[in-house]
Amino acid sequence: MNAPAALIPDPAGATPVMAQYFEAKARQPDALVFFRMGDFYELFFDDAAKAAAALGIAMTHRGTHAGQPIPMAGVPAHAAEAYLAKLIRAGFKVAVCEQMENPAEAKKRGSKSVVHREVTRVVTPGTLTEDGLLDARGANRLAAVAIRAGQAAVASVELSTGEVEVMLAARDGLAAALAALQPSEVLVPDRLFADEAASAALKSVGGLVQPMPGALAEPSASEARLKRLYGVDTLDGFGELGGAEVAALGLIAAHLETTQAGRLPALRPPRRAGEADVMAIDPATRASLEIEKTQSGGRDGSLLAAIDRTVTAGGARLLAARLARPLLRVEAIEARLDAVEWFAGHRSLRQDVREVLRGCGDMARGLSRLALGRGGPRDLGTIRDGLRAGHAIGALVAAHPDILDPPPPEVGEALDALNAALHPDLAAFLAALEQGLGADLPAQPRDGGFVAAGVRPELDQARALRDDSRRVIAALEAQLQAETGISLKVRHNAVLGYFVEATAKQAEPLFAPPLNAAFIHRQTLANQVRFTTVELAELDAKIAQAAERALAIEVETFEVWRAQAVAAAAAIQGAAEGAARLDVAAGLAEWAEDARAVRPQIEDSLAFEAEAARHPVVEAAVTRAGEPFTPNDCALDGAGAASARLAIVTGPNMAGKSTFLRQNALLAVLAQAGAFVPARRLRLGVVDRLFSRVGAADDLSRGRSTFMAEMVETAAILTQATPRSLVILDEIGRGTATYDGLAIAWACAEALHDVNRCRALFATHYHELARLETRLAHVCNLSLRAKEWNGDLVFLHEAAPGPADRSYGVQVAKLAGVPAAVVARAREVLDRLESQTASPARLDDLPLFAATAPEPERRGPSEVEQALGGLDLDGMSPREAMDALYRLKGLLP
């Protein structure tokens, strides 16, 4: 939590264990310290109070310090993940201080030695890697912002998968860049909080904003940390990184050094991007269009949820990333569309590939945990299953040769990455996992039981002693009886361990040669005599140590496999990405078939031509309810040649104006993300920026009313939209007086047409705006139709040329259940208003929008100004100054 660090008590006079705690707390003063004490993680002093309040657990006391009881709260180690998740969601950082040895090892240094402990990691929102703390189908990014020489850069890392990216951005583009990433945590040099543009962008992010010392963003120090992180001598292999990019990446490297306690994650080389590569979508537009989540924060009801047919976690994350940042380059978009079309045309193969992918685990996240020392046998099993699936998919495609329709490059590259499992080194590793991993894999290596029988003979022997000690002892007992001819018994107690027992009479031969050479006397009782043998003593020791030895052998085997996985990280990460790309392409083809979606025509023009288009989310909802969805056409041309540049959309409330606006914006998102679109046809000139001002919402945290928030978003559109942009606006000006709102809406429409010159849909209830069709060169009117039938209003949901004749607000109020008396009174007032004379506002006389204000009329100096100019202020006496003042006053009109 971004709060001042708690005051740490004076460690003087602390016990050895509490001295360890104070040392850990001093290193992480702004974090809660999870201090391992046996089977619990314990928190002390202020940390205990904060954790108890956040987790709803009891706070007690353990021992004393400086004469006062030590406040303490604790959570079981086996359930720590659930408590960590709660604390992270509450905004806390948590430093995990682990026991690095067991008590027996500590006692070897002396009877009073305490177990050695170290901070092994610092858990923050952006550095989570555990499955229990992450959304399997969502990314968890750590981002950093830096500005150098006027150039801004945003870097991000997905620590759980190893993906690293850095992009340049303009200062006013920071909000859009961060919104596309949706980071859980953002690192910012503290000096940037004084930068107005950067501060505004950070406030719109939503994740934890973490201030960092400005010195950490200095280029030279950042470059050194990056080299350490990647283990390289030069950054030249990453391309020509600029100062801002290096600074942003350096902040991430500094944070990882601190939080991962020296462990190096398996990171991919940074992928560079720029504003010219992806469609800019600001936070308000993302919220309005509900691309990745709804305005209530849930996934269900979003565009992503409607089209997601992926069957792997990696595929789901890649699809979300593509929707968040649609492409701008036509060639790159077409490559993605080629992959979807190929899978759409090979239905049987697509279903077979998807079935194999279902068994493909999350290799990227499993590898990341292994690299950071947090992984376990299940993560090795995930990599085994993923590599095995890649081999199977390659075989499936090879078994379906189609000379006339070979896989397109996007599919071919993904298959090549998956086939990395055929590389000799990786193939040997896969074979070792397939042979060596057992059927039931635990989460952690310390749980044991994951190495298959027959892999390590010494392990099989240790397990036999551990699991079959009774059978082994019985066999030795039978052997001794056969060798001596005496009815001996092998018994066990806590003092002697295993021993041979015989009656006093039977024991006599054991004292005499030759048996006395093998049997060693241990104890004589009233009726029994006890012996041991060298073999029995060794067996006793082996049985006692068998469980520990078996576990040690398994942990050793796991470490060998873990090291091999980390050494092959690049190939495994490539295979994981290949599986995700195939999953996305096949999933989009599956959705296209279900939704009757078609391939869009993408080009570099300013056209937007949609025929029989449908809203993918709304259509899915009404279809589930058994109702039809009415498709609609929309034609816009930024050049104003084939169709209008700006469409004024009118119609009754509930007629579907907002749905119509949003569906056309979502068509652009889908098409440029590389997906098919729900329409009969779509011809789209690439959209560089997408803006949406739909719906009403205030921003009370920043002191903004609904109308003020609307005006701020409208201002952003008018200042940033370009001729290649697509803008949808809904009811601009509704939050103020009628004439004020009409004037604002009119001026905004003129600006979009004449200044921004972008493709725009402008929905309004100000029917006066329909006159713009005759006043501006490239404006048309559209209306969502409705009809009255027997006193009721029937919505047709059809977009047709021409303006609406009325808004039918009173009829909609009736449908909403407004009391009949109120509806009747509203009709009476409406009839009276409509019967009155027209508004005195002469809209036909309104001038077209002027980009610049008229210059003020030039005039000469006034008589007073001339008199003032003639005064010699330095040479005047007080009397003369008084006389001059009276003369000047007399000159006033």
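A: In this predicted model, Ala 66 sits in the loop that runs between strand 3 (60–65) and strand 4 (68–76). Although Ala 66 is not a glycine, its phi is positive, at about 55°. Its relative accessibility is 70%, and Ala 66 therefore counts as exposed, the cut-off being over 50%.

A positive phi near 55° is also found at Arg 596, again a residue other than glycine. Arg 596 belongs to the loop between helix 22 and strand 18 (601–603), and with a relative accessible area of 53% Arg 596 is exposed.

Another loop, the one between helix 20 (504–511) and strand 16 (520–524), contains Pro 514. The peptide bond that joins Pro 513 and Pro 514 is cis, with omega at about 0°.

From the loops we can turn to the helices. Helix 22 (569–595) is one of the elements against which the buried residues of helix 13 pack, together with helix 12 (330–345) and helix 15 (377–398). Helix 13 covers residues 347–358, and its 12 residues reach 17 Å from the first C-alpha to the last, close to the 16 Å expected at 1.5 Å a residue. Its buried residues are Leu 349, Arg 350, Val 353, Arg 354 and Leu 357. Because these residues cover an arc of only 135° around the axis, they lie on the same side of helix 13. An α-helix has 3.6 residues a turn, so residues three or four places apart point the same way.

Helix 11 (residues 313–324) also has 12 residues, and its end C-alpha atoms are 17 Å apart, in agreement with the 16 Å that it should span. Here 10 of the 12 residues are buried, so helix 11 is largely enclosed by the rest of the structure. Among the buried residues are Ala 313, Gly 314, Gly 315, Arg 317, Leu 319 and Arg 322.

The lining of the second largest cavity divides into 8 nonpolar residues, with no polar and no charged ones.

Note on methods: Residues are numbered from 1 along each chain as its sequence is written. This is a predicted model: local features need pLDDT of at least 70, side-chain atom pairs count only at pLDDT 80 or more; totals for chains, interfaces and linings use all residues. Side-chain values use heavy atoms; hydrogens and water are left out. Ala, Val, Leu, Ile, Met, Phe, Trp, Tyr, Cys and Pro count as nonpolar, Asp, Glu, Lys and Arg as charged, and the others, Gly among them, as polar. Helices (H or I, at least four residues) and strands (E, at least two) are DSSP runs, numbered from the N terminus. The expected span of a helix is 1.5 Å times one less than its number of residues. Buried means under 20% relative accessible area, exposed over 50%, partly exposed in between (1.4 Å probe, protein chains only). The arc is that of the directions from the helix axis to the C-beta atoms. Contact means heavy atoms within 4.5 Å.
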